[in-house]
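I opened my notebook to look up a few things in this structure. Come and read along, one entry at a time.

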Amino acid sequence: MPQPKDLDPYADARSFYGSELRRLREAAGMSQSELGDKAFCSGTYIGLFEMAERRPQEDMSRIFDELLGSGKHLQRLCRLARKSKVAGYFADAAELEKRARSIEEYAPMLMPGVLQTRAYATALTRGTMRRASDEEVERTVSARMERAQLFSCENGPDFWVIIHEAALRVPIGGLRAMRDQLAHLVETVRAHPHAILQVLPFSAGFHPFLNTMSSLMQFVDAPPVVYTEGAYTGQLIEDAALVAQYRSAYDLARAVALSPEASLALITSAAKDYDR
């Protein structure tokens, strides 16, 4: 179980939340396990909040306030700690990406965010945020570009992505943007040995993930989770049985997808179709 560590409470809002949760818990004479039992979660989960390694949750903060007699103190701190550069529904998953040992992603119609070029991401953002100002679009795109650091981090996760062939054929941002996007996929994967890319071809037919973006994340010190996303919404799944179902479906997609080399060859061929 994670042991409490000394945090600088003023380093950021999440650290302040973690230090306050620890202070209130210890004042109540409870261990992490005891608070976890009362809150219907594990002591390990409590420890992740106290170590500022997990973003506070609104529902859990309400329970903590009730159990620790702290009014709405932790709920107010939670709202501060949950501010994020990315969409609110993706914020928890974005934080978990940074801690993951491995990420396995399936993309049905659009390129995975971590592999998007700026031109592709800008066109996609403008199309989905039609009322957004140029400044809002730029903030969103810049936050997405920062995620690409996962590939350059010394201890970054192993990354396996399966992209449906349909995503190669939808011309987001025009012909040049798509050509550059597909070239970027090939260059990125070839430059990073810990990244593997497969294409699920049209010939594979139906698959359980056909219309669902999914990301399976595994960790050294925590159970695996799944993040799924649709238009304007996303969901973090932690239920072990449901995560196992996603695991099984992903393995099936991997089995029927093209080999990594054949996939890169198809992407290179598709890029040439936009070169006109």
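**Entry 1: a buried charged pair**

I started with Glu50, which has 2% relative accessibility and so counts as buried. Buried here means under 20% relative accessible area, exposed means over 50%, and partly exposed lies in between, with a 1.4 Å probe and protein chains only. I then looked up Arg25, and with a relative accessible area of 4% this residue is buried too.

Before going on, I noted that this is a predicted model, where local features need pLDDT of at least 70, side-chain atom pairs count only at pLDDT 80 or more, and totals for chains, interfaces and linings use all residues. I also noted that residues are numbered from 1 along each chain as its sequence is written, and that side-chain values use heavy atoms, with hydrogens and water left out.

What joins the side chains of Glu50 and Arg25? I found a salt bridge, 2.5 Å from N to O. Glu50 sits in helix 3 (residues 43–50) and Arg25 in helix 1 (residues 13–27), so this pair links distant parts of the chain, 25 residues apart. A salt bridge is a side-chain nitrogen of Lys or Arg within 4 Å of a carboxyl oxygen of Asp or Glu. Helices (H or I, at least four residues) and strands (E, at least two) are DSSP runs, numbered from the N terminus.

The structure holds 21 salt bridges.

**Entry 2: what the record says about this region**

I checked UniProt, where an unreviewed entry places the feature "domain: HTH cro/C1-type" at residues 21–50. UniProt positions are in the numbering used here, feature names are shortened, and annotations may be inferred rather than shown by experiment. In the model, the span 21–50 is 73% helix and 0% strand, and its end C-alpha atoms lie 6 Å apart.

**Entry 3: Glu104 and two arginines**

Next I looked at Glu104, which counts as buried at 8% relative accessibility. Glu104 forms a salt bridge with Arg247, with the closest N and O atoms 2.8 Å apart. Arg247 lies in helix 12 (residues 240–256) and Glu104 in strand 1 (residues 102–107), so the pair ties together parts 143 residues apart in sequence. Arg247 is partly exposed, with a relative accessible area of 23%.

I found that Arg254 forms a salt bridge with Glu104 as well, the closest N and O atoms being 3.0 Å apart. Arg254 lies in helix 12 and Glu104 in strand 1, so this pair ties together parts that are 150 residues apart in sequence. Both Arg254 and Glu104 are buried.

**Entry 4: strands side by side**

How many bridges pair strand 1 with strand 2? I counted six, in the parallel sense. Two strands pair if DSSP finds at least two bridges between them. The bridge partner of Glu104 in strand 2 is Trp160.

Strand 2 also pairs with strand 3 (residues 195–200), in the parallel sense over six bridges. There, Val161 stands opposite Leu197 in strand 3. Strand 2 (residues 158–164) is mostly covered, with five of its seven residues buried.

I then picked Ser215, whose place is in strand 4 (residues 213–218). At 3% relative accessibility, Ser215 counts as buried. Leaving aside neighbours within four places in sequence, Ser215 is in contact (heavy atoms within 4.5 Å) with Ile103, Glu104, Glu105, Val225, Val226 and Tyr227.

**Entry 5: nonpolar cores**

In soluble globular proteins, nonpolar side chains tend to be buried together. A nonpolar core is a set of buried Ala, Val, Leu, Ile, Met, Phe, Trp, Tyr and Cys residues joined through side-chain atoms within 4.5 Å. The largest nonpolar core here has 40 residues, and Met111, Ile163, Leu168, Leu182, Leu185, Met217 and Ile267 touch the most other members. Not counting residues up to four places away in sequence, Ile267 touches Leu168, Leu182, Leu185, Val186, Leu197 and Val199. A second, separate core of 16 residues includes Leu21, Leu35, Ile46 and Met60.

**Entry 6: two positive phi values**

Most residues other than glycine have a negative phi. I noted Phe40, whose phi is positive, near 60°. Phe40 is in the loop between helix 2 (32–38) and helix 3, and is exposed with a relative accessible area of 79%.

My other note is Tyr232, with a positive phi near 65°. Tyr232 is in the loop between strand 5 (225–230) and strand 6 (233–237). Is Tyr232 buried or exposed? At 60% relative accessibility, Tyr232 counts as exposed.
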